[in-house]
Amino acid sequence: MNPLTDPAIVYLRALLGHRLHQVRADTDRSRGASAIEWAIITGILALIAIGIGVTIKNKVDEAASNIKTK
């Protein structure tokens, strides 16, 4: 049995195809964010992720240094 012929998958593919057609046919391109805006948003999110990662690493290192070994 081909899973792509399942009625739910066929429906979702049709829905996605229709939505993609709407997006591609949209003539008002000023509604979305520009490439520069996306780059700035991505940079900010990357900085936040790096900050969280450094904080977690520092907490783990601190906890590891407090472990007593023989």
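**Close-up 1. Asp-6 caps the N-terminal end of helix α1.** In this predicted model, a side-chain oxygen of Asp-6 sits 3.1 Å from the backbone nitrogen of Ala-8.

**Close-up 2. Helix α1 runs through residues 7–25.** Count 19 residues here; at 1.5 Å a residue, they should span 27 Å.

**Close-up 3. Lys-57 and Asp-61 make a salt bridge.** Side chains of opposite charge can pair when their charged atoms come close. In this pair, the closest N and O atoms are 2.6 Å apart. Both residues belong to helix α2, which covers residues 35–65. They are four residues apart, or about one turn of the helix. Lys-57 has 49% relative accessibility, so it counts as partly exposed. Asp-61 is partly exposed too, because its relative accessibility is 37%.

**Close-up 4. A nonpolar patch lies on the surface.** Its members are Ile-36, Trp-38, Ile-40, Ile-41, Ile-44, Leu-45, Ile-48, Ile-52, Ile-56 and Val-60. Together they have about 1,000 Å² of accessible area. Take Leu-45, one of the patch residues: this leucine lies in helix α2. Leu-45 counts as exposed because its relative accessibility is 53%, and the cut-off is over 50%.

**Close-up 5. Stepping back, the protein chain has two helices and zero strands.** How much of the chain is buried? Of the 70 residues in the protein chain, buried ones make up 0%. The chain exposes about 6,600 Å², and carbon and sulfur atoms supply 68% of that area.

Conventions:
Residues numbered from 1 in each chain as written. Predicted model: local features only at pLDDT ≥ 70, side-chain atom pairs only at ≥ 80, totals over all residues. Heavy atoms only, no water. Salt bridge = Lys/Arg side-chain N within 4 Å of Asp/Glu carboxyl O. Buried < 20%, exposed > 50% of the residue type's maximum accessible area, 1.4 Å probe, protein only. Areas by Shrake-Rupley, 256 points an atom, 1.4 Å probe, with all protein chains shown as cover. Patch = residues over 30% accessible without salt bridge, like charges linked within 9 Å, V, L, I, M, F, W, Y side chains within 5 Å. Expected span 1.5 Å × (residues − 1). Polar contact = N/O pair within 3.5 Å; in protein donor to acceptor, adjacent residues only side chain to side chain.
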